[in-house]
Amino acid sequence: MTRAFLVVMDSVGIGGAPDAGQFFNDGVPDTGANTLLHIAQECAAGRAEDGRTGPLRLPNMDALGLGESVRVATGEAAPGLQATPVGLYGAATERSPGKDTPSGHWELAGVPVPWDWHYFPKTVPTFPEPLSRAVCEIADTPAILGNCHASGTQILEELGEKHMQTGWPICYTSADSVFQIAAHEETFGEQRLQKLCQKLAPMLHEMKVGRVIARPFVGTPETGFTRTANRHDYAIAPPEPTLCDWVQEAGRRVQAVGKIGDIFSMEGIDEVRTGPDRDLMDHLFDYVDTAPEGSLTFANFVEFDSLFGHRRNVSGYAAALEWFDEAIGRLLDCLRPGDLLLLTADHGNDPTWVGTDHTRERVPVIGHGVGMRAIGNVAFPDVAASIAAHLGVASRGPGRSFLA
């Protein structure tokens, strides 16, 4: 029996999405967005020197085929990523009508999204009155703050002090299908915030809003406000059984690392470990050491997206990729014979692009455990079908294995 490790590098897109022109950032179509290529170009030009220096260095993932995956997606060469592949490599195209976290992950797990997500309009106020009233009733407050599209860090600067004075929750959204509530862990209460989001989630899910996100923070107006690691996503459940369910129903274990448990509403998940990305890497190493035969370990490393993509921080994104690559190099040495490791992404978030939203892109699919294999352009559900084939469990989705 063998094991599988599916690792999502959140937002590490590689351009080339055929429908990118239908998705927008600040009114500008995503045509031409390419997260990895543009980061590599900025590094090669000496324009990503904050906390790191020089060309983008990803020798371990490039050896698997990361640079070649960019060529598969777009025909372009990424500076510094020119190794001859020794692993599995290709690019995957999403068909779900979104460029958000649930869409990408569900489809990678074999279930394309069958509906259009609800997005809140860029008006002030943003939210319909019944929704705002429901928040007030559950939170037992006379009003809410925010009620707009906003950056999560900026809105704390603008409304954190007023929130502490009034006790009113800060409600905001983004270009994603999300409803976010920020509240101070001490003055409002972290558990109170979680209960508020949990009780509100069914109403938002009925509207086909993908996630209600609890955004606890700490700090003072004098020292500034900081979001904590106690974020929790209350996501709508997948519409059909996913790869996680297929594996679990076959009597195997599914370990989740990062926000995978939230994304799949804990369906098909046996165990979850969370934390910042460096802790998640420790958890992933632990599962490589201890995960049982026949199991699936499904991981998401979110900080490429949350800390650097949305904030359009090229240097930070590049440094995070280089840290991740070094860790993956060590991880490869720990895998057992017969293990399959696939590295991919859920969407793009080009830090050189206009706006602060995700970008519609193809994603890399690179892997270790099956030798050198060029898979070309595949579909997101093919990832799930391939892992199912490797583990010897039945695949129910539309994907086709690229391991055959």
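The buried residues of helix α7 (buried meaning under 20% relative accessible area, with exposed over 50% and partly exposed in between, using a 1.4 Å probe and protein chains only) pack against α5 (129-139), α6 (152-166), β7 (178-184), β8 (211-220) and β10 (232-235). Contact here means heavy atoms within 4.5 Å, and the helices (H or I, at least four residues) and strands (E, at least two) are DSSP runs numbered from the N terminus. This is a predicted model, in which local features need pLDDT of at least 70 and side-chain atom pairs count only at pLDDT 80 or more, while totals for chains, interfaces and linings use all residues. Residues are numbered from 1 along each chain as its sequence is written, and side-chain values use heavy atoms, with hydrogens and water left out.

The buried set in α7 is made up of F188, G189, E190, L193, Q194, L196, C197, L200, A201, L204 and H205. As a reminder, an α-helix has 3.6 residues a turn, so residues three or four places apart point the same way. Helix α7 itself spans residues 185-206 and bends by about 55 degrees at R192; the bend at a residue is the angle between axes fitted to the seven residues ending there and the seven starting there. R192 turns up again in a cation-over-ring arrangement: its charged end sits over the ring of F188, 3.9 Å from the ring centre. The criterion is that NZ of Lys or CZ of Arg is within 6 Å of the ring centre and within 35 degrees of the ring normal. Elsewhere, R273 lies over the face of Y287, at 4.4 Å from the ring centre.

On to the partner helix. In α5, the buried residues are L131, S132, A134, V135, C136 and A139, and their cover includes β5 (145-149), β6 (170-173), β7 and α7. Two packed helices are described by the angle between their axes and the distance between the axes. For α5 and α7, the axes come within 10 Å and cross at roughly 145 degrees, where axes are lines fitted to C-alpha atoms, for helices over the stretch in contact, and angles run from 0 to 180 degrees between N-to-C directions. The crossing of α5 and α7 is right-handed, a label that applies if the near helix is turned clockwise from the far one by less than a right angle, with anticlockwise giving left-handed. On the α5 side the contact involves P130, L131, A134, V135, I138 and A139, and on the α7 side R192, L196, K199, L200, M203 and L204.

Just after α5, D140 takes a positive phi of about 60 degrees. K208 sits in the loop between α7 and β8 and has a positive phi of about 65 degrees despite not being a glycine; at 28% relative accessibility, K208 counts as partly exposed. S265, in the loop between α9 (260-263) and β12 (271-273), is likewise not a glycine and has a positive phi of about 50 degrees. Its relative accessibility of 28% makes S265 partly exposed. The peptide bond from V124 to P125 is cis, with omega near 0 degrees, and P125 belongs to the loop between α4 (101-108) and α5.

As for the rings, the structure holds twelve aromatic pairs. Rings of Phe, Tyr and Trp (its six-membered ring) pair if their centres lie within 6.5 Å; planes under 30 degrees apart count as stacked, over 60 as edge-to-face and the rest as tilted. W106 and W115 make an edge-to-face pair, 6.2 Å centre to centre with 90 degrees between the planes. W115 also pairs with W117: the ring centres are 5.7 Å apart and the planes are at 90 degrees, so this pair is edge-to-face. W106 and W115 are both buried, and W117 is buried too. Further along, F301, F304, Y317, W323 and F324 form one aromatic cluster.

Two residues show contacts across the sequence. D305, in helix α11 (residues 303-309), is buried at 4% relative accessible area. D305 and V12 are 293 residues apart in sequence but 8.0 Å apart in space, C-alpha to C-alpha. Neighbours within four places in sequence aside, D305 is in contact with D10, S11, H310, H347, N349 and H358. R95, by contrast, is exposed, with a relative accessible area of 56%, and lies in the loop between β4 (88-93) and α4. Not counting residues up to four places away in sequence, R95 touches E107, P112, R360 and P398.
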